[in-house]
Amino acid sequence: MNKFEPVNYDRNILDEYKIPKEIPIMPLRNTVLFPLQIVPLYVGRVHSLRLLNDIMKENKIFVVVAQNDTAIENPSEDDLYKYGTLTKIVKVFQMPDSSRSVIVQGLERVKILKITKQDPYYHGIVQRVQEENVPSVEADALRDRIKESFREIVEISDYLSKDNVTMMMNAVDDGNLADVIISMLNVSVEEKQHILEQLNIGKRLSETSVILQQEMEKAKIGEKIMSDVKDSINRNQREYYLREQMKAIRKELGEDEDERIIDLKDKLEKAKLPEDAGKAAEREIERLSRMSKQSPEYNVSLTYLELLTELPWSVSTDDEIDIANASKILNEDHYGLDKIKLRILEYLAVRKLKLENDPDSAVKGPILCFVGPPGTGKTSVAKSIARAMGRKVHRMSLGGVRDEAEIRGHRRTYIGALPGRIIQGIKKAGSNNPIFILDEIDKLGADYKGDPSSALLEVLDPEQNYSFSDHYLETSFDLSKVMFIATANWPETIPGPLRDRMELIEFSGYTLPEKAHIAEHFLIPKQVTEHGLSEKDIRFTQDGVSAIIQDYTREAGVRALEREIAHVCRKVAKEKVESAHFRKRTIQEKTVETYLGKQKFFSDRAERMKRAGIAIGLAWTQVGGDILFIEATKMPGEGKLQLTGQLGEVMKESAQAALSFIRSNAIELGIDERFDKQYDIHIHIPAGAVPKDGPSAGVTLLTSVVSVLTGRKVKNDLAMTGEITLRGSVLPVGGIKEKIIAAHRAGLKTIIMPQQNNKDMDDIPLEIRNDLSFSFVRDMTEVLDIALEEK
């Protein structure tokens with residue numbers, strides 16, 4: 001029910017309804033009640049039910065007002081519009097669920113001045129409002145246009161009927177005409193409320209006319225859309241009917257079905273899909289056979305089925321695990337790395353025994369992760385494992401991957417959807433048990449598109465990856481036979497749950513003899529061939545290779561060394577092309593500068609160590625070990641400590657601990673105990689653009705400060721590493737192998753290390769151990785006795 005009280009309307013009859021000082025107010029959601037309008041209301045809110053009970057007892061009038069936010073259950077004064085409608089009850093119906101349906105009639109517009117209370121229901125102070133009506137010719141014309149527009153809307157609208165036109169014709173005046181029309185239109189509460197609040201009848205008619213024009217445009221657009229949809233449905237039905245006829249004709253003629261579908265069925269049968277994947281393929285083929293080739297979905301479905309046929313569901317390569325042959329291949333491809341090769345051979349031996357004991361079982365082993373500086377052979381060792389096992393290999397670089405869909409794929413509902421890179425890699429490898437190299441796993445990212453490292457958890461977990469789910473594939477794929485090998489430079493940046501699923505194998509830097517051997521047997525032959533040269537054109541001497549390593553590279557691996565060798569080969573190739581009488585070039589120490597330019601790295605250690613206050617420390621970096629020159633100086637002052645060189649918090653705290661130890665032991669160290677009243681101490685570590693941090697420089701910091709305060713120089717062929725305490729104890733540190741290799745590369749002879757790091761000496765190559773002298777200490781007094789020269 002939604003009608004208006006017709007005829008004989010005299011606003012003076014409203015005088016019999018005396019508005020009390022405080023009148024009950026009922027908020028409405030999604031409803032605006034106009035004067036003279038009769039509508040049913042469903043009352044279910046507690047406040048409104050209480051109001052209704054009281055009104056029924058005393059047959060009183062009340063005010064209804066619309067909420068500006070329909071989601072609010074208990075609106076405040078700010079949540080209600082300022083204009084409402086004086087209302088009386090016509091009839092009440094009791095509902096089964098304790099709520100009520102009430103038919104009400106609007107009486108007149110009122111303005112709500114204030115809400116006085118909200119319990120047990122809303123009360124407020126309201127004011128009658130006076131409408132402004134100035135008859136004119138324009139109002140007559142506007143009235144006629146509004147009526148005509150409403151009739152047009154009724155003709156094309158699907159929610160209005162001729163009864164609505166009758167209700168419009170029963171309007172008693174111009175203001176009531178606008179109210180009647182707006183109440184019947186499917187417009188927003190805000191638009192209806194705006195008309196309710198418009199007291200100038202001329203403006204109300206004008207705004208009603210604007211709304212009618214908007215609704216007419218909407219109705220015309222809706223009618224056009226429905227017409228287009230109907231035409232499309234008719235066309236699709238016609239095409240479907242014709243296709244069904246064609247199928248029937250083909251069947252009668254004995255013709256075969258679509259050749260593509262037949263080909264797909266043959267391929268799927270040969271692919272030997274698992275049961276779940278087979279059912280998914282059958283459903284998709286059935287769906288494809290019913291599609292029109294012109295449908296966009298046809299190619300999407302066809303591409304999906306072709307992927308299912310190309311995946312190696314049942315294609316495996318036979319493992320050729322021969323430990324002796326694997327050892328031979330690893331030695332052929334890589335020099336050194338003895339502990340790493342041993343671990344790999346152990347891994348292969350376990351796989352071999354498992355397969356011999358139960359050939360049909362899936363071999364579940366640890367996921368290997370090779371961790372080490374760039375250029376140390378991590379990726380190439382993984383490829384050598386594949387060659388040793390006779391498996392196919394696929395490499396996937398994870399550097400910069402930030403989207404989970406890169407791992408799991410996109411759902412086929414998206415345009416241009418693709419499977420994830422795991423499934424794509426398996427497809428390219430052509431077998432379900434390749435060696436899958438996850439390169440640079442420590443450089444995975446994450447953003448609003450998801451966390452790819454979390455998606456990799458399922459891939460790298462042997463308990464889950466037998467049913468890996470790709471969003472595009474929509475069926476599980478067994479990854480349990482795949483051997484995953486990850487590589488990383490920095491283990492700390494690998495997410496914890498992901499790191500927990502892998503066994504980390506550390507790759508250390510190469511020594512000078514190892515680099516020379518790698519250059520002679522691997523890098524030089526490779527670069528000579530790649531640059532179109534031969535052994536008749538160029539020869540590298542041992543001293544020439546050593547000069548390139550020491551004077552032109554500073555790295556843990558051999559990438560920069562290979563680039564410098566390539567640089568020399570390019571120069572020689574150019575000379576050979578330009579010279580008509582080219583003779584074989586010999587690259588030796590004195591000719592290296594001719595091809596590579598001025599020396600890039602210098603050892604000015606002896607010159608720098610001439611003064612007191614300079615000590616050499618050992619550092620571990622992401623690209624291997626390195627040496628640090630730590631300089632200390634004193635100046636007149638008040639005992640302040642200044643630290644420069646872009647030091648981290650841990651290193652700053654080590655310097656403060658060193659100074660506290662010196663102050664508390666000044667007399668024993670031969671230092672004036674009032675030095676902190678006379679001097680400021682400044683500690684600087686060169687290469688100021690490079691951030692530095694960590695506790696292992698503690699002994700070096702303390703030694704350099706003692707040196708400058710006592711005037712005793714530090715021996716220039718000595719380096720040290722170790723963490724210190726306030727009591728002067730020397731604690732163990734990490735990265736020992738890389739630090740010792742860096743010290744040996746720099747030409748140092750003596751290394752001071754914590755006593756507890758003696759256990760790490762087994763990792764040091766024998767030729768380096770024989771070439772260096774090691775002093776293992778427990779406290780700083782031992783360090784100072786060894787490191788400082790006599791005054």
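Analyst: Helices (H or I, at least four residues) and strands (E, at least two) are DSSP runs, numbered from the N terminus. This is a predicted model, in which local features need pLDDT of at least 70, side-chain atom pairs count only at pLDDT 80 or more, and totals for chains, interfaces and linings use all residues. Residues are numbered from 1 along each chain as its sequence is written, and side-chain values use heavy atoms, with hydrogens and water left out.

User: Okay. Where does Glu440 sit?

Analyst: Glu440 is in the loop between β10 and α15 (452-459). Its phi is positive, about 55 degrees, although Glu440 is not a glycine.

User: And is Glu440 buried, exposed or partly exposed?

Analyst: Partly exposed, with a relative accessible area of 22%. Here buried means under 20% relative accessible area, exposed means over 50%, and partly exposed is in between (1.4 Å probe, protein chains only).

User: What about Glu474, what's its phi?

Analyst: Phi of Glu474 is near 60 degrees, a positive value in a residue other than glycine. Glu474 lies in the loop between β11 (468-469) and β12, and with a relative accessible area of 49% it is partly exposed.

User: Switching topic: which residues does the cis peptide bond join?

Analyst: Asp119 and Pro120, with omega at about 0 degrees. Pro120 is in the loop between β6 (100-117) and β7 (122-128).

User: Now helices. At what angle do α2 and α3 pack?

Analyst: About 165 degrees, with the axes of α2 (residues 137-156) and α3 (residues 162-169) 9 Å apart. Axes are lines fitted to C-alpha atoms, for helices over the stretch in contact, and angles run from 0 to 180 degrees between N-to-C directions. So α2 and α3 are roughly antiparallel to each other. The cut-offs: under 35 degrees is roughly parallel, over 145 roughly antiparallel, 65 to 115 roughly perpendicular, and the rest oblique.

User: Which residues make that contact?

Analyst: From α2 there are Lys147, Phe150, Arg151 and Val154, and from α3 there are Lys162, Asn164, Val165, Met168 and Met169. Contact means heavy atoms within 4.5 Å. By class, the contact of α2 with α3 has five nonpolar, one polar and three charged residues. Ala, Val, Leu, Ile, Met, Phe, Trp, Tyr, Cys and Pro count as nonpolar, Asp, Glu, Lys and Arg as charged, and the others, Gly among them, as polar.

User: And how are α2 and α4 arranged, roughly parallel or roughly antiparallel?

Analyst: The axes of α2 and α4 (residues 174-184) come within 11 Å and cross at roughly 25 degrees. That makes α2 roughly parallel to α4. On the α2 side the contact uses Ala139, Arg143, Ile146, Lys147 and Phe150, and on the α4 side Asp174, Leu177, Ile181 and Met184. Those residues of the α2 and α4 contact divide into six nonpolar, no polar and three charged.

User: How many aromatic pairs are there?

Analyst: The count comes to six aromatic pairs. Rings of Phe, Tyr and Trp (its six-membered ring) pair if their centres lie within 6.5 Å; planes under 30 degrees apart count as stacked, over 60 as edge-to-face and the rest as tilted. Take Trp313 and Phe477: their ring centres are 5.0 Å apart and their planes are at 50 degrees, so the pair is tilted. Trp313 is in the loop between α9 (296-310) and α10 (323-333) and Phe477 is in strand β12 (residues 476-477), so the pair ties together parts that are 164 residues apart in sequence.

User: Last one: why is α25 called largely enclosed?

Analyst: Because nine of the ten residues of α25 (residues 736-745) are buried, the rest of the structure largely encloses this helix. Among the buried ones are Ile736, Glu738 and His744. Just after α25, Gly747 has a positive phi of about 85 degrees.
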